[in-house]
Each structure stands twice: as C-alpha cells, then as structure tokens.
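Colleague: I'd like to learn how to read a model like this one. Please take me through it step by step, in plain words.

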Amino acid sequence: MNKNLQTIIFFVGLAIGIVLIIIGIVIGNDISNIRLEGSDL
Amino acid sequence: MLKKFNLLFYRRLSQTIFGLLLTNSYLQIITSKSIYSGPLKGFCVPFLNCHACPFAVFSCPIGMLQYYAATQQLPLFLFGFFIIVGLIVGRAACGWLCPFGLLQDIMYKLKTRKFGIPQHLNYGKYVILIVLVIILPLITHIHWFSRLCPLGALTAGIPWVAWNPIDPDFDAPVVDLETIGFMYYLKIIILIFFLVWFVMAQRPFCRVICPMGAIWAIFNRVSLLKFKVEQSCLNCEQCEVNCPMELPTPEKVDSENCIKCFDCNSCKHISAKFNLR
C-alpha cells in the first residue's frame with residue numbers, strides 16, 4: 001500500500017476514533033453503562 | 001536463538017498474566033456465588049473473554065457488540081475503541097493477550113498428525129462477524145455468537161453447570177438445570193469439535209472463526225506496529241515455519257491475518273517497526 005495513503009488512513013482513522021469516543025461519552029453511549037451479567041450463559 | 005526464546009517467553013507470560021489471570025481475577029465469586037458486576041465490568045478487553053465466566057472482571061467486546069446490535073443502538077464508543085486500538089497495534093492482542101490463543105498454542109504442541117487449513121477458510125471469520133455478531137442479533141435480538149461460542153462454553157457454561165452453587169439471595173441454585181437444553185449441548189459439541197481441531201491445526205479458531213480477529217484484521221495493514229521483510233531476505237522460509245498463523249511468508253508478513261507475535265522476527269531479515277512508514 002502507498003505509504004502516503006497509509007499515513008492519511010492512520011490519521012483520519014485516529015481522528016474518527018477519538019470523535020466517536022467523545023460523542024459516545026457525551027450521549028451516554030459509553031460501555032461503562034451496560035452490564036452483560038450472564039445473559040448468554 | 002536467545003532473542004527468539006526471550007520473546008516467546010514474554011509472549012507466554014503476557015498471555016498468562018494479562019490475558020488469563022488479571023482479566024479473570026474475581027476470586028470473591030467463591031463466597032458471593034454471583035458474577036462480578038462492578039464498574040470494571042463496563043469495560044471490555046481487546047480479545048475474547050466471556051463476561052459470564054465466574055472469575056471475569058471485564059466484559060467481552062464481541063458480547064458488547066452483540067448487545068448493541070440486539071438493542072438496535074449504534075455503539076459509537078465501542079467503534080472508537082476498535083479504531084484506536086486497531087490503528088495502534090492491529091491484531092497484536094490476538095498474539096500477546098488472548099487466552100483462547102494461548103490454549104490453541106498449547107494444545108497444538110500435543111504430538112499427533114497435523115493438518116493445514118486452506119487459506120480461503122480465513123474469510124470465515126468475516127462471515128461470522130457479519131452474520132452471527134451483527135445481522136442476526138439485529139433481527140432476532142438474540143446474542144447468537146455468544147450462544148454458540150466455544151470459549152463461553154469452556155469458561156462459563158460448563159463451570160457454572162458443574163459448580164451450580166446455591167445463590168444466597170434467592171436460596172436456590174444459580175443455574176436452573178431444567179432450563180438446560182439443546183443450545184447448551186450444541187455449544188458443548190462445538191467446543192469438543194474445536195478442542196480436537198486445536199490439536200490438529202495451528203490456531204484454527206483465530207484464523208477461521210474469531211470475529212474479534214476479523215475486526216482487528218481490518219486495521220492490520222495500516223497499524224503503527226509493522227513488520228518489514230528486508231531486501232536481504234534469502235527466502236529461507238524459516239519465518240513460515242515459525243508463523244503460528246501459517247501465513248505464506250515472507251510475502252504475507254504483516255497481512256491481515258498476522259497476529260504480530262514476533263515469531264517471524266527471530267529471523268534477522270524481518271524487522272519490526274513502530275511507526276507510520
């Protein structure tokens with residue numbers, strides 16, 4: 001894969017990841033709110 | 001040789017301490033008789049780890065993904081977690097942390113006749129991810145992958161049924177044995193099938209089935225942690241012999257199925273780098 005493209009994908013991906021986490025926390029979508037207590041036993 | 005021994009030793013240590021012991025360290029279960037449901041259970045580890053295991057402290061990322069699919073919510077935080085971890089280390093958690101990977105590595109050492117796995121079966125994990133983890137839970141609201149997961153059977157289903165203590169809150173057994181039916185036995189059969197396969201082939205679950213591996217595989221080629229075959233490579237194919245994923249190296253070094261275990265790195269013609277280029 002082209003090195004420049006790889007660099008662009010990395011930084012764009014990182015920015016998207018950080019934005020998703022921030023939005024997730026702001027709208028209460030973060031995973032600390034859920035419990036999966038033995039539901040799949 | 002010394003370098004290879006050291007890295008393999010540290011990898012086994014990491015798999016055992018971080019992947020197996022620390023993520024499954026809820027010893028209070030012996031007296032409480034119910035699984036840990038404190039704040040740490042709200043966080044997932046970057047590998048399969050059944051949240052219903054009696055000793056589990058953290059949740060399973062695939063369990064969480066199914067939860068969001070089944071409740072028809074968009075898991076923004078979880079997507080962000082996948083993207084960031086994937087971009088930094090790719091599939092390294094499969095090689096360095098996953099306890100199911102450790103089990104497969106150990107079982108493959110048993111001396112029996114060994115079989116290869118056709119490369120095209122590697123696409124199976126993407127089908128499992130899309131069908132059992134996303135589409136079916138979205139439509140049926142049931143966590144289908146967890147219902148069939150052999151790791152879940154091994155670390156949660158069997159231990160709970162075998163132990164089945166009296167729940168002090170309800171003064172009744174934790175597992176109602178009358179509810180055990182077809183799905184439980186199917187899960188056991190799937191587990192037995194995989195245990196036999198683990199002895200005969202190298203890391204078959206990681207290569208063919210694991211939806212967590214499928215997610216990390218997407219990021220493998222663009223992750224910060226990279227392996228590079230030097231131009232001085234003599235095509236001795238020692239890297240292929242060492243590779244636990246049986247990748248046709250050196251061509252496929254650092255491909256989507258590479259678990260970044262550094263086993264190929266014992267050859268001086270393959271270097272590991274932690275940078276963008």
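Colleague: Let's start with B:W163: does B:W163 count as buried, exposed or partly exposed?

Modeller: First, some ground rules: this is a predicted model, where local features need pLDDT of at least 70, side-chain atom pairs count only at pLDDT 80 or more, and totals for chains, interfaces and linings use all residues. Residues are numbered from 1 along each chain as its sequence is written, chains are lettered from A and ligands numbered from 1 in the order in which they are written, and side-chain values use heavy atoms, with hydrogens and water left out. Relative accessible area sorts residues into buried (under 20%), exposed (over 50%) and partly exposed (in between), with a 1.4 Å probe and protein chains only. B:W163 has 36% relative accessibility, therefore B:W163 counts as partly exposed.

Colleague: Which residues does B:W163 touch, not counting those up to four places away in sequence?

Modeller: B:W163 sits in helix α9 of chain B, residues 150–163. Helices (H or I, at least four residues) and strands (E, at least two) are DSSP runs, numbered from the N terminus. A contact needs heavy atoms within 4.5 Å. With residues up to four places away left out, the touching ones are B:I29, B:I30 and B:K33.

Colleague: How are α9(B) and α10(B) placed to each other, roughly perpendicular or oblique?

Modeller: α9(B) packs with helix α10 of chain B (residues 182–200) at about 125 degrees, their axes 9 Å apart. Axes are lines fitted to C-alpha atoms, for helices over the stretch in contact, and angles between N-to-C directions run from 0 to 180 degrees. Angles under 35 degrees count as roughly parallel, over 145 as roughly antiparallel, 65 to 115 as roughly perpendicular and the rest as oblique. The two helices are therefore oblique.

Colleague: Which residue of chain A is in contact with B:L78?

Modeller: Neighbours within four places in sequence are left aside here. From chain B, the contacts of B:L78 include B:C44, B:P61 and B:Y68, and from chain A there is A:I31.

Colleague: Are α1(A) and α4(B) roughly parallel or roughly antiparallel to each other?

Modeller: Helix α1 of chain A (residues 3–26) and α4(B) have axes that come within 7 Å and cross at roughly 150 degrees. Among the residues that meet are A:F10, A:L14 and A:I21 on one side and B:F77, B:F81 and B:L87 on the other. Going by the angle, the helices are therefore roughly antiparallel.

Colleague: And how do α7(B) and α12(B) lie to each other, roughly parallel or roughly perpendicular?

Modeller: Helix α7 (residues 124–140) and helix α12 (residues 211–219), both of chain B, pack at about 115 degrees with axes 8 Å apart. Residues that meet include B:Y126 and B:L129 in α7(B), and B:P211 and B:I215 in α12(B). The pair is therefore roughly perpendicular.

Colleague: Last one: is B:D254 buried or exposed?

Modeller: B:D254 lies in the loop between α13 and β4 (270–274) of chain B, and has a positive phi near 70 degrees without being a glycine. B:D171 also has a positive phi, of about 55 degrees, and is exposed at 68% relative accessible area. B:D254 has 9% relative accessibility, therefore B:D254 counts as buried.
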